[in-house]
Amino acid sequence: MMYKVSDLEEALPDTPVSCVHVEVTQSPCSTVKTGVIKEHVSKYLEKQRISYGDITVTEFNDPFLSEHVQSVAICDTELDCKGKQAIDLCSTQLFIHVFQLNEGGPAAEELDDEELSAASHWLLPSADIHGIWDSLVFDGRIKSQLLDYATTTLLFSDHQVNPNIIAWNKVVLLHGPPGTGKTSLCKALAQKLCIRLSDRYTYGQLIEINSHSLFSKWFSESGKLVMKMFQKIQELIDDKDTLVFVLIDEVESLTAARKSTLNGTEPSDAIRVVNALLTQIDQIKRHPNVLILTTSNVTEAIDLAFVDRADIKQYIGPPSSAAIYKIYHSCLNELMRTGIISPAQQLFDLGGLEVMHYIENEATKLSLKLREIARQSQGLSGRTLRKLPFLAHALYVGTQTVTLEGFLDGLSQAVTKQFTERHDLNKSE
C-alpha cells in the first residue's frame with residue numbers, strides 16, 4: 001500500500017518487533033553516498049515514531065529526501081505475524097538498505113558459434129523486477145522461509161562451516177502447477193536478497209537459463225553447451241563484489257531427458273547434458289556468492305539426483321480464498337489510487353472483517369462482497385487472478401470511471417466467465 005507522510009498511523013505496538021528492514025530507493029540521478037542517505041532516513045523515521053505494518057512513503061517534507069530518494073519502504077513486517085502491527089521506530093533496530101534501480105532490461109547471453117539465446121541476464125536491483133515481491137501473495141510463511149534460508153546459507157559460508165560435515169547445496173526448488181508465481185518468486189527473491197545485502201555486495205546478477213537451448217540441434221554438442229554456459233557463470237562468480245543468482249526455469253525439461261534416456265527413448269547425449277549440469281551445480285555451490293533457483297511444473301518428472309541436491313523443495317499451489325482476497329484487495333486499491341474506481345472507498349482487510357465478526361452493515365458491505373467473490377475464485381491461478389480486474393473492466397465496465405460497487409459486479413461476472421471458459425475448453429478436448 002502507498003501512503004503519504006500524513007497517512008502514517010500513530011498507535012502503540014501490540015507486540016515488540018526486534019528489527020525492521022527499511023528499503024530506500026535512491027533517485028537515479030543522485031550521486032550522494034549511501035551513508036549520508038541512511039542518516040537522513042534514520043532521522044526521518046525517528047520523527048515519525050510509529051509505523052503500522054508495511055508502508056511505502058513517496059512524498060517527503062524533508063528537501064534532502066525529496067531530491068535524492070524516490071521511496072522509503074518499511075518491509076516484510078507482516079510475513080511472520082497475523083495482520084498488521086504497530087512498530088515503535090524509536091526503539092526498534094532499523095536495518096536501512098539504500099539502492100538504485102538498474103533501468104536496463106535483460107540482456108541475451110548467446111553461446112559462441114550457436115544462433116540461440118542460452119540465457120537472459122539482469123543486473124540487480126532491476127526496475128523490471130521492482131515491486132514483484134510485494135505483489136506476490138502466498139499462504140503460510142513461504143516468503144519469510146526463503147529469506148531465512150538464504151540468511152543461513154550466507155551465515156554458514158561466512159563462518160566457513162565444513163560442507164563435508166554439514167551439507168548444503170545452495171539449491172532451491174519451487175514446484176507446483178503453472179501460473180502460481182514460481183518464476184516470479186525466484187526473480188523477486190534474487191532482487192530482495194540483492195537489496196538486503198547491498199552493504200556486502202556492490203550489485204547482483206541474475207542469469208535465467210533457457211533450459212531448452214542447452215539441447216543443441218547437433219546432439220554431440222549439447223554437453224559442450226552446458227560447459228560454455230557455466231564457464232560464463234563462473235566468470236561472474238569470480239567477481240567477489242557481485243551476488244550471482246542462477247535461475248533454471250522448468251528444470252524438468254532437463255531432468256526428464258535423463259529418465260527418457262534410461263528408458264531408451266532419448267539419445268545418449270541427453271544424459272550427458274544432465275550429468276554435465278549436475279556436475280556444474282556441484283562445482284559452483286562452493287562459492288559463497290551464488291544461489292541456484294529452480295522451478296518445475298511437473299514434479300514427477302524431476303530426476304531424484306537433482307531433487308536430492310535441493311535444500312528447499314517448496315510446493316507453490318493455487319491460492320486459498322484468503323490469499324485471493326489479498327490479491328483482489330491490492331488490485332482494487334490500485335484502481336482507486338489511479339482514479340479508475342471513484343470515489344475511493346475503504347475496503348477492510350480480512351483482519352478488520354474478523355474483528356467486526358463479518359457482520360454486514362454499510363461499512364462492511366462491499367468488503368464482504370469482495371470476500372464472497374474471492375471464495376468464488378478458488379481454483380484460479382495467481383496469474384489469472386491478476387488479469388481479472390483488467391478483464392472485468394474491459395468486458396463488463398467499459399467506462400473511464402466506475403464506483404466500487406459497480407466494479408465488484410463486473411469482477412464477479414469476470415470470475416464466472418473464467419470458469420465457463422474452462423468448462424468449455426475441457427468439453428472440447
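Me: What makes the length of helix α1 (residues 34–48) agree with expectation?
Reply: The expected span of a helix is 1.5 Å times one less than its number of residues. For the 15 residues of α1 that gives 21 Å, and the end C-alpha atoms are 21 Å apart, so the two agree. Helices here are DSSP runs of H or I with at least four residues, and strands are runs of E with at least two, both numbered from the N terminus. This is a predicted model, in which local features need pLDDT of at least 70 and side-chain atom pairs count only at pLDDT 80 or more, while totals for chains, interfaces and linings use all residues. Residues are numbered from 1 along each chain as its sequence is written, and side-chain values use heavy atoms, with hydrogens and water left out.

Me: Which residues of α1 are buried, and which are exposed on the other side?
Reply: I37, V41, Y44, L45 and Q48 are buried. On the other side, E39, K43 and K47 are exposed. Buried means under 20% relative accessible area, exposed over 50%, partly exposed in between (1.4 Å probe, protein chains only).

Me: Why are the buried residues of α1 said to line one face?
Reply: Seen down the axis, they fall within an arc of 95°, so they line one face of the helix. The arc is taken from the directions between the helix axis and the C-beta atoms. An α-helix has 3.6 residues a turn, so residues three or four places apart point the same way.

Me: What do the buried residues of α1 pack against?
Reply: They pack against β2 (19–26), β3 (50–52), β4 (55–57), α2 (63–68), β5 (69–75) and β7 (93–99). Contact means heavy atoms within 4.5 Å.

Me: Why is H329 called buried?
Reply: H329 has a relative accessible area of 11%, under the cut-off, so it counts as buried. H329 is found in helix α10. Leaving aside neighbours within four places in sequence, H329 is in contact with L347, F348, D349 and L370.

Me: How do α10 (residues 321–337) and α13 (residues 382–396) cross, and at what angle?
Reply: Their axes come within 10 Å and cross at roughly 35°. Axes are lines fitted to C-alpha atoms, for helices over the stretch in contact, and angles run from 0 to 180 degrees between N-to-C directions. The crossing is right-handed: the near helix is turned clockwise from the far one by less than a right angle. I324, I327, Y328, S330, C331 and L335 of α10 make the contact with L385, R386, L388 and P389 of α13.
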